[in-house]
Amino acid sequence: MESRAILATGFGPRKCAKIGQPLKDQISRLPDEILVYILSCLTLKEAARTSVLSKRWIDLWRSMACLDFDASKVLKKMFSISSWGRYADFVRKERCKYVEWVDKVLLQSDKSLALDDLRVAFCLDNFYGDKIHKWLQHAFARRVQRLELNLFADDDPPSSQESYTFHYELFCLSSGQSQPGYSEIHHHAQIGFKSLRALSLKSLNVTGEVLEFFLINCPFLERLVVEASSVLINLRVCGPSIALKYLEVCCCLMLQSIIVSDTNLVSLKTTEAHHLVLQNVPMLVNVWVSGNSRNLVRDVTSWLSCCLSKLEVLTLRANKFQVSQEKGIVHELPQLTNLKEFVLIASASKDHSLIGFTSLIRASPNLEKFVLKLESWWDDMVRRDRKLKKAASFPLQHLKVVELLGYYGRRSELELVEYFLENAIVLEKLIIDPRDPRNVTWPKTRKERKQEKKQEKLARICAKQQIEGLIPSHIEFSIL
């Protein structure tokens, strides 16, 4: 019965075609839904090229529900140009090409179908504001669920006058009625934005008022990312009716306050933790914060006081260091009884001791995983001759995995390795990775890549010499 069913579909095994006999196109006989799914595994440009295969494929790509206007190759080439004149010329030409590409695809795509994803990621400023405005209207008219707009600002920090700004008119926030002359697509856009589930806005201007409008009026919006907005001053995420689960607010230099209260937020990431006010966030279990204070451990316990005991994952980016061992501070810290994973991100250019952060580890009795990410350029500032510092002994009853990323044989790294080997009673795995843990977006020259490989090789040799002899046989030791 099964073999008959297979043969009835026409897709069962067949004998090889004879030499000279043309092969039949079996793939084109599949239903549209399957073919469009296959196209979704390709880039947008690759999917569009399939229209030349046969009449069957001409219009299939227009039904794609995910439109990712990825130009990463062009951006890498752009960021590698050192001459300002050549750079400006290149950007001007590529901007026009990118805008034409987005316009053409949106014009030709099937507007009756809902959009799952729309991603626009290119270096665009407010000169293209009208174009971006129309793209957003198109997305909202098609009930887009996940929208990402990353405009890669030219300057750092981005200028508020040149960056694209979300217009009130897009949602008719300034009045209850649509303005004269707006097309039918605008009417649908006012309704369609309510389908949003994820919104990411980077290197553009968006105010707290607009963001709060999204939060209140989008009943399915669970993820919000805002980065490098020059006009975001205050943001309130308040009320149990808000669906938001994940919030990220980073590099908004004018920000004065983030108030999060009475919500079911699960995950929070911010570089502006000193402006953070948390109240009644019972579901918050994953937090990423950064700070410049030399008393960062104490500051973090203050910023996160209402949720520390419930946190399961804490990522701490330390821009400055606690050089002291902070004797006795563990007694002042509240117990992080639910913390399972602690990630520490630090700059390592001067090899400052990181022993002070063990106070947080000691205050986490159920910690299972510790990750250290050391961010620095390969340099000659590593001091392998200074005396190793020691932290107070404290049994870590549940710590099983330790990862050190960006390892270079620094004393700060070796101090932590020895600390964990002496105190982690049930340690199962120690992983050393000398590769740069940062997501570097700009391209590297051949010379830079060669130098990096050389330094990584030296770091692996150093790790083997420093650590291998210290590892008990029951601990799995890996150097990546």
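Author: What follows goes through the ring pairs, then the charges over rings, and then the salt bridges.

This is a predicted model, in which local features need pLDDT of at least 70 and side-chain atom pairs count only at pLDDT 80 or more, while totals for chains, interfaces and linings use all residues. Residues are numbered from 1 along each chain as its sequence is written, and side-chain values use heavy atoms, with hydrogens and water left out.

A pair of aromatic rings is described by the distance of the centres and the angle of the planes. Rings of Phe, Tyr and Trp (its six-membered ring) pair if their centres lie within 6.5 Å, and planes under 30 degrees apart count as stacked, over 60 as edge-to-face and the rest as tilted. The structure holds 13 such aromatic pairs. In one of them, Phe-69 and Trp-101, the ring centres are 5.2 Å apart and the planes stand at 80°, so this pair is edge-to-face. Phe-69 belongs to strand 1 (residues 66-69) and Trp-101 to helix 5 (residues 84-108), so that the pair links distant parts of the chain, 32 residues apart. Helices (H or I, at least four residues) and strands (E, at least two) are DSSP runs, numbered from the N terminus. Phe-69 counts as buried at 0% relative accessibility, and Trp-101 counts as buried at 16%; here buried means under 20% relative accessible area, exposed over 50%, and partly exposed in between (1.4 Å probe, protein chains only).

Another pair, Phe-370 with Phe-420, has its ring centres 5.0 Å apart and its planes at 45°, so it is tilted. Because Phe-370 lies in strand 14 (residues 369-375) and Phe-420 in helix 12 (residues 411-423), this pair ties together parts that are 50 residues apart in sequence. Phe-370 is buried with a relative accessible area of 1%, and Phe-420 is buried at 2%. Ring pairs also link Phe-140, Tyr-164, Phe-166, Phe-193, Phe-213 and Phe-214 into a cluster.

Arg-223 lies over the face of Tyr-246, at 3.9 Å from the ring centre, and the charged end of Lys-269 sits over the ring of Trp-288, 4.6 Å from its centre.

Side chains of opposite charge can pair when their charged atoms come close. A salt bridge is a side-chain nitrogen of Lys or Arg within 4 Å of a carboxyl oxygen of Asp or Glu, and a search of the whole structure finds 11 of them. Arg-119 and Asp-70 meet in one of these, at 3.4 Å from N to O. Arg-119 is in strand 2 (residues 117-121) and Asp-70 in the loop between strand 1 and helix 4 (72-79), 49 residues apart. Arg-119 is partly exposed at 23% relative accessibility, and Asp-70 is partly exposed at 37%.

Within helix 5, Asp-89 and Arg-92 are 3 residues apart, separated by about one helical turn, and they form a salt bridge whose closest N and O atoms are 2.8 Å apart.

Arg-146 forms a salt bridge with Asp-117, with the closest N and O atoms 2.8 Å apart, and this pair links strand 3 (residues 146-150), which holds Arg-146, to strand 2, which holds Asp-117. Finally, salt bridges that share partners join Asp-68, Asp-70, Arg-119 and Glu-148 into one network.

Notes:
A charge sits over a ring if NZ of Lys or CZ of Arg is within 6 Å of the ring centre and within 35 degrees of the ring normal.
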